[in-house]
Structures are given as C-alpha cells and as structure tokens.
Amino acid sequence: MLFKRPSDDILYEALVARDAAYEGFAWAAVKTTGIFCRLTCPARKPKRGNTTFYGTIAECLEAGFRPCSRCRPMLKLGETDPMVTRLLNALDADPHRRWSEDDVVSLGVDPSTARRAFKRQFGMSFLEIARLRRMGKAAEILTSGASVIDAQLDAGYESGSGFRSAMTKLFGAAPANLRDKTLLRADWIETPIGPMMAIADQHALHLLEFAERKALPAEIRKLQKFTGSGIIMGRHPPIDEIEEELKAYFAGEDRGFRTRLAGHGSPFQRQVWEALRAIPVGVSRTYGSIAAELGLPSSTRAVAGANGANQIAIVIPCHRVLGADGSLTGYGGGLWRKRWLIEHERRMAMRPVSHSTAAAVS
C-alpha cells in the first residue's frame, strides 16, 4: 500500500503543524479533555504525552472520546461552516458592496468569529474575499480602468500566500486591456487537501489546479494567450458543476465527472488525456503502459509530457500514473497530494459503486 500510517511521533508533528497531508487518515484523541480532532484542528495543541492517534472515527468513539466542537471531525471532509455559507450567500447577493465589519454585525455575526472561520477555511478573511469579488466586478464592467489594479495593489495581495499570489497574477493585466475580449471567470473551490482554482466560460471548464501550485500563474497566462480571453473573478455554471462533483468525490462517492471540459491541447495530448480518464478509480498505470495502449510503445516520454501538460487536475487523473517501478513520480500539486488521492481512491474502490460516467473532453 502506498500510504502507510506513520508513527505517532510523526502524526504529532503533523498535528502541531496542521499538516493536511494526513487529513482524513488519522485522528488525534486528547486524554485530558476526552475529545478527538482532525489533524488540522486550529485548537490549542495538547502535550505529546496526552495525545493518542486512531485510524478511524469509530475507534475514537469506541475509546470513549467525543468529537471536537471546533474542527467537527464528524462532518464530511470539506463541509462548510453554516456561518461561512451565510456570509458567502450575502456576498453573492451584493458583490458590489464595500463590505465592512458593521455589515457583518448587521447579519448577526461576530466579526472576530467570522475572521477566524474564514482564515481557517480559506486562508483569507471574509472582507478580503469581498474585496477580490468587488475588483472582479469592476474589471468586468471596465468603468474604472487601471484603478482596479491599483485597488488590488492597495489591498496588499502581492505579498500574500501562494494562493493570493496566484490571484495577483490573475489580475495582472489592466482592465482596459480586457475591453472587447471574451471574459473567462475564475473562482476557487475548497477541498480537504487545499483550495483549487477553477476557470471556466459559460459552457466548459478550462482549468482546475491546486491554488498553491507554483506553475499556476504561468498556466493562467498560457490560458489567456491561448484563448485570447480576459479572466476576472466570478463564476460560470461549469464551476458550480465541478464543485458539486468534487464534493461527492471527496466524500468517497465514485460518480465520475460530467462537467464539460474545454478542448485545449494538441491531438496527441487529448488522446493521452482520454486514456487517463479511462483509468478506473483505484487503479494505476505507468507512462509506458499508456503508450503501449495507444499503440505508440516508443512514445513513453511524449506521454509523460502530455501528462505534465494537463491543466484539469483530478478530473483528468494524472495522479494515477506511477513510475515504471511503481514508485510515486512528480506531481504538480505535490507528491503528498498524489499519495493522498491514490489512497483515497483505493478506499473509494472498495465501496459499492453508485455510478461512474465520465464526460469526454469536448
């Protein structure tokens, strides 16, 4: 098995660091409080001697521990805080508003509580998210020219985390340059192993990548050049569709992915991507075996190149491809995510299948 449970000492280090690499595969139980938590729980960390680790929630319950009220380990992975949902719905209803803490209070929400919840789940506050949305709307209607970029810089996003850095790259062009262009919309989707950036038009998904991927800014620029389109913050229907499908996937439901994909890539790359999508959940392939299946046994390196050029993570499952010796090979989202996804799908494959119908790359 590719994922072997590490020692309790390593798990304790992950608990202290809130490392998502083992999220969902181990739980921390605290003897002094009688509660058990996710490894990413934001609560104050217990002493090593007071901490025990279990492989399943059932084991925690059987040992007499109750679920933590902060990280709520009994909820499905990625399930959203109702307060967070309420604020995001309010933002969707009025994205042009210059949201303030007073507005948050008027909704019956404590600003400090909201700030902690959003920082914990998304890595940025509600007001920061609202500012991004407002900038996107300004770019869309093109009424303030380069001042949208000025607003972005004033917000300080150029020095934020990798995710916010990717956002800055996304808005790197002056809004005036977006005039008369088709506009793609970009938004992010929260998952148990980190936020993902999704970009789509009205009809198809163009990009789905982990937000902290170092190559993401370059991939966005490549997409802009290839399509001749501008990119603004917001959502088109395919983003909502893929978010729902990802939610089911991370919940362990093998439904497949039906969201329509934009037809990027060369004919050969598209052929490889179709072969990747044909790999069943819980199964892995090598670059050589894929080349052989395509009738091109001498094209192993070309297959590897097409695999690396994939910009639709998880849906086009390049994580299911291993080295010739069965070892994990490079993965843009990080090897720990590749290991996580393979183990998640191994468990998924052991469950009864509801249905699995994958959409073809259009």
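This is a predicted model: local features need pLDDT of at least 70, side-chain atom pairs count only at pLDDT 80 or more; totals for chains, interfaces and linings use all residues.
**Stop one: strand S5.** Select residues 183-189, which make up strand S5. Six of its seven residues are buried, so the strand is largely enclosed by the rest of the structure. To get your bearings, pick Leu 183 and look for Gly 230, its bridge partner in S8.

**Stop two: the hairpin.** Bring in strand S6, residues 196-200, which runs antiparallel to S5 and is joined to it by five bridges. Ile 189 has Met 196 as its bridge partner here. Six residues sit between the two strands of this hairpin, and Gly 194 in the turn has a positive phi of about 115°.

**Stop three: salt bridges.** The whole structure has eleven of them. Start with Arg 48 and Asp 9, whose side chains meet at 3.1 Å, N to O. Arg 48 is in the loop between strands S2 and S3 while Asp 9 is in helix H1, so this pair ties together parts that are 39 residues apart in sequence. Next, show Glu 253 and Arg 255, with an N to O distance of 2.5 Å. Glu 253 is partly exposed at 27% relative accessible area, and Arg 255 is partly exposed at 38%.

**Last stop: helix H14.** Select residues 335-349 and find Arg 347 and Glu 343, four residues apart, about one turn of the helix. Their side chains form a salt bridge at 3.2 Å, N to O. Arg 347 is partly exposed at 32%, whereas Glu 343 is buried at 3%.

Terms used:
Residues are numbered from 1 along each chain as its sequence is written. Side-chain values use heavy atoms; hydrogens and water are left out. Buried means under 20% relative accessible area, exposed over 50%, partly exposed in between (1.4 Å probe, protein chains only). Two strands pair if DSSP finds at least two bridges between them. A salt bridge is a side-chain nitrogen of Lys or Arg within 4 Å of a carboxyl oxygen of Asp or Glu.
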